[in-house]
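Hi there,

Here is the structure I promised to send over. Have a look at it first, and then read my notes below.

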Amino acid sequence: MTIENVVLQEALAPRFGVVALISTALLGGALIGYPLAGATEKPISKDSAKSKAVVVKEGASLFRANCSPCHGLGARGGGRGPDLTSGRWTHGSTDPAIFRTITQGVPGTEMPANGFEDSEIWSIIAYLRSLAPPKRPIVSGDPVKGKRIFFESAGCSNCHMVNGRGGLLGPDLSRVAAARSISYLIDSIRQPDKELSSGMTDPNNHYGLPLVYDAVTVVTAAGERITGVARNEDTFSVQLLTANQNLQFFLKKDVKEVIHEHKSLMPPYSEDTLSARQLQDLIAYLETLRGSEEKGSKEDR
Ligand code: HEC
Ligand code: HEC
């Protein structure tokens, strides 16, 4: 069993019924090894000497090695990246559009640019096209109730902005469903520390993303501890956005310590604070947040 598979199971296991469904679909898929049937009719590879099945198989192994850590086993989401089998393409659904997304990445997101050979990218596309859409894990929750939970009872909007409304401490969620998979969303709510948003602490992080959402504590010369999210940090200074949304600036030479906590400022929402039912409603609401999806895909048609 691969690592991703285990992670997925862990992520999906005991939360709620819907998820059991996804889990089954995923495992089923994993067991039968994503059969080569169903590849598109048109010759996606320019290399016509190779049979479609061979091309799809090459694409599958390239995908497993390079993409599944984020997009999940069988491209069904799970890590930081969205499900690529849902038939929704935020960045364009045509072969050339997908080709462009894969080569150039999506600037400003965690989707990296790639230096594959053209033929390799075509094989990945052939593979993606060969995947049957999942029996869509219908999130059975009620998005209207979910929206109320988000803005009222659970207080998510104290820290998160959606379409210009809400707080600044956490990431803007206006298009979170286009960017993330359902299992990632569930983890973000139940276990925020598990995978921090943009928490790439690798100093030579080659995706060029800032280390934004780690909780940072500054211990002042007087011994006071102030915790927040680092908005800017360099060798000499750090700027913290604190939980009450004050922006505070510190020179490192004036403080005792700057501690990167490697955990989230977001409180975990356990069953006690957010029931399985409420979680479903909330996810159903988050699933509606797809930013300018319509515009993106129309341009490419
Ligand atoms: C570091 C994580 C990461 C890796 C590795 C990664 N992706 Fe992505 N990918 C993402 C994220 C996050 C998005 C969503 C971008 C956004 O916010 O719109 C994305 C989006 C995409 C999209 C656009 C989906 C749409 O709705 O239009 C495609 C296609 C895609 N990735 C393919 C790939 C392929 C193929 C690979 C491997 C060669 C790959 N990705 C590797 C994180 C990743
Ligand atoms: C006290 C502030 C706070 C509250 C309240 C809060 N969050 Fe968060 N949230 C954060 C911070 C900070 C992050 C980034 C660090 C991390 O990944 O946990 C985050 C991350 C997330 C992410 C991951 C976003 C991504 O693209 O990686 C999601 C989804 C999310 N929160 C949803 C929610 C929902 C839903 C609620 C209400 C049930 C909620 N949050 C309540 C602060 C908060």
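What follows is a short tour of what turned up.

A word on the ground rules: this is a predicted model, so local features need pLDDT of at least 70, side-chain atom pairs count only at pLDDT 80 or more, and totals for chains, interfaces and linings use all residues. Residues are numbered from 1 along each chain as its sequence is written, while chains are lettered from A and ligands numbered from 1 in the order in which they are written.

**The overall picture**

The protein has 11 helices and 7 strands; these are DSSP runs numbered from the N terminus, with H or I over at least four residues for helices and E over at least two for strands. Of its 301 residues, 33% are buried. Here buried means 20 or more other C-beta atoms (placed from the backbone) within 10 Å of a residue's own, exposed means 12 or fewer, and partly exposed is in between.

**The two ligands**

Start with ligand 1, which has 24 residues around it; Cys67, Cys70, Gly81, Met111 and Ala179 come nearest. To be near, a residue needs its C-beta atom, placed from the backbone, within 6 Å of the molecule. Helices α4 (68–71), α5 (95–104) and α8 each put at least two residues into this shell. By class, the shell has 14 nonpolar, 8 polar and 2 charged residues. For those classes, Ala, Val, Leu, Ile, Met, Phe, Trp, Tyr, Cys and Pro are nonpolar, Asp, Glu, Lys and Arg are charged, and the others, Gly among them, are polar.

Around ligand 2 there are 28 residues, and the nearest are Cys156, Cys159, Gly170, Ser197 and Ser264. Both α8 (176–179) and α9 (182–190) supply at least two residues of that shell, and α9 gives the most, with 3 residues.

**A pair of helices**

Next, find α7 (residues 143–153) and α10 (residues 276–286), which pack at about 100 degrees with their axes 7 Å apart. The axes are lines fitted to C-alpha atoms, for helices over the stretch in contact, and angles run from 0 to 180 degrees between N-to-C directions. α7 and α10 are therefore roughly perpendicular; the cut-offs are under 35 degrees for roughly parallel, over 145 for roughly antiparallel, 65 to 115 for roughly perpendicular, and oblique for the rest. Residues making the contact (C-beta atoms, placed from the backbone, within 7 Å) include Lys145 and Phe150 of α7 and Asp281 and Tyr285 of α10.

**The sheet**

Five strands form an open antiparallel sheet in the order β6-β5-β4-β3-β7. Strands β6 (247–251) and β7 (255–260) are at the edges with a single partner strand each, so one side of each has no neighbour in the sheet. Neighbouring strands are turned by 40 degrees against each other on average, direction ignored. Inside the sheet, β4 (residues 225–233) and β5 (residues 237–242) pair over 5 bridges; strands count as paired if DSSP finds at least two bridges between them. Glu233 stands opposite Val238 in β5.

**Two loop residues**

Finally, look at Asn163, in the loop between β1 (161–162) and β2 (165–166). Its phi is near 45 degrees, a positive value in a residue other than glycine. His262, in the loop between β7 and α10, also has a positive phi, near 55 degrees. Asn163 is exposed, with 11 other C-beta atoms within 10 Å, and His262 counts as exposed with 12.

Cheers

Terms used:
Two residues are in contact if their C-beta atoms, placed from the backbone, lie within 7 Å.
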